[in-house]
2 protein chains.
Amino acid sequence: MEIKEISQAVIGRLPRYYRYLGDLKDEGVERISSQELSELMKVTASQIRQDFNNFGGFGQQGYGYNVEYLYKEIGKILGLDQTHHFIIIGAGNLGQALGGYLNFERRGFIFSGMFDQNPALVGKDVRGVKVQPMEEMEAFVKNNAVDIAVLTIPKTGAVDVAEKLVSYGIKAIWNFAHVDLNVPEGIQVENVHLSDSLMKLSYNINRYNQSLMENQ
Amino acid sequence: MEIKEISQAVIGRLPRYYRYLGDLKDEGVERISSQELSELMKVTASQIRQDFNNFGGFGQQGYGYNVEYLYKEIGKILGLDQTHHFIIIGAGNLGQALGGYLNFERRGFIFSGMFDQNPALVGKDVRGVKVQPMEEMEAFVKNNAVDIAVLTIPKTGAVDVAEKLVSYGIKAIWNFAHVDLNVPEGIQVENVHLSDSLMKLSYNINRYNQSLMENQ
DNA sequence: CCCATTTTGACAACATTTTAACATTATGTT
DNA sequence: AACATAATGTTAAAATGTTGTCAAAATGGG
């Protein structure tokens, strides 16, 4: 039995396709060719066809791709046809921002719990979810079907909290703490390192200015 | 004059090196070999040497790398030896979270202005910076040295605001709006598409469960 | 219903990125 | 001061990712 492994490079592009196709669908566009989509998204048509073909051909020769169908299929690949319950650890501004995001819910991500060690935040209501003390986390994870834990706490403690979450049965972590988590094989971690992103921007500002100077 | 272009793949890894080296420095470690660092960071030693060599050899054969020196040099490459002033457009929870981040300041990123169209937020104080109405944005950008604009507003309007910012002279945008900005050549944009990141996580949860089933 | 046109899916060529191998250079111990 | 050891910088090979090309298939107009 051959399982074709899809590269993360391809997976990384799927959400963007999904976004553009959703917009097209909302605009009432019924069909689109890889050529048209490539002009819209500023990527090569070849890449689009190659990417979609990883999953076995969603198009029709001479016609192109049906927008609604393709949108739905990519959604399925991304698991958006399923419901994922998530909890947020850390009820600061970032945690509150993520908890308040209505768009996540539209994609099947249900905000179902929030925890913080700061007593001043405990009891606070974030879009219908009450902040609970950290001590409640274990029972909550064990008694509820939680698919994803979102870590919006400072780097100190993040590794420990992640280990605890895993021991309670959590299988996926969306990590905003600026540290690499140490989790066993099979636990999915997606990192969002904001300061890394800012540094990349800083590099590119710099680099551009430098190349300007050198061209004089 | 030949300007060797460094690939974004390499740049993307620099912040992580920077973080590990900073930690090592704080622990008082003086020197490290690519071998040791590779075990710590779980990447190949070859990649580490290759990456550093893009910038012309920071190490010493038979010795390794001096932690403090390497840390500083990478900081310079990333432009962290310079000061960058940033403003935040959108004073919601996400904007407030980013404005409140003390670590950015440590890296030379100075939070100097904040804007929102919601009158209820105008006047609010975020770490010493008062939220101003959107109408003040133009004058502020033109009268102050602003290096980076952070966009933490909904996707509706983000494209317009970005265009305005560029017309006022902004050269770099850190974009959290879930939309692709349309900016002229030479304007740096770094996107943080949170829902894309969440979808990738969702895919990987799914994929792992599936491969488990198929192996039974 | 035929045929020109469109457009995919597949494959091959090309480019980039990553890893491996090793010659060279510095270290530090005797 | 010589030499064994350590570890870089560099080059080569392998792996991965992207783009170009084209045959085959479907469309849709006449």
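This briefing covers the fold of chain A, its surface and charges, and its relation to chain B. The model is predicted. Chain A contains 9 helices and 9 strands, and 7 strands are arranged in an open sheet with mixed pairing. Chain B superposes on chain A with an RMSD of 0.1 Å.

**Overall build of chain A**
- The C-alpha trace of chain A spans about 60 × 55 × 40 Å along its principal axes.
- Of the 216 residues in chain A, 48% are buried.
- Among contacts in chain A with a separation of 6 or more, 55% are between residues 24 or more positions apart.

**The sheet**
- The strand order in chain A is β5-β6-β4-β3-β7-β8-β9.
- At the edges of the sheet are β5 (125–126) and β9 (188–191) of chain A, each of which pairs on one side only.
- Strand β3 (residues 84–89) of chain A pairs with strand β7 (residues 148–151) of chain A in the parallel sense, over 4 bridges.
- A:F86 has A:I148 in β7(A) as its bridge partner.

**Surface and charge**
- Chain A carries 21 positive and 26 negative side chains.
- The centres of these two sets of charges lie 4 Å apart.

**The two copies**
- Chain B is brought onto chain A by a rotation of 180° with 0.0 Å of shift along the axis.
- The two copies are therefore related as by a two-fold rotation axis.
- Both copies use the same surface, since 98% of the contact residues of chain B recur in chain A.

Key: Residues are numbered from 1 along each chain as its sequence is written. Chains are lettered from A and ligands numbered from 1 in the order in which they are written. This is a predicted model: local features need pLDDT of at least 70, side-chain atom pairs count only at pLDDT 80 or more; totals for chains, interfaces and linings use all residues. Side-chain values use heavy atoms; hydrogens and water are left out. Helices (H or I, at least four residues) and strands (E, at least two) are DSSP runs, numbered from the N terminus. Buried means under 20% relative accessible area, exposed over 50%, partly exposed in between (1.4 Å probe, protein chains only). Contact means heavy atoms within 4.5 Å. Lys and Arg count as positive and Asp and Glu as negative; His and the chain ends are not counted. The place of a charge is taken as NZ of Lys, CZ of Arg, CG of Asp or CD of Glu. Copies are superposed by least squares on the C-alpha atoms of residues with pLDDT of at least 70 in both. Two strands pair if DSSP finds at least two bridges between them.
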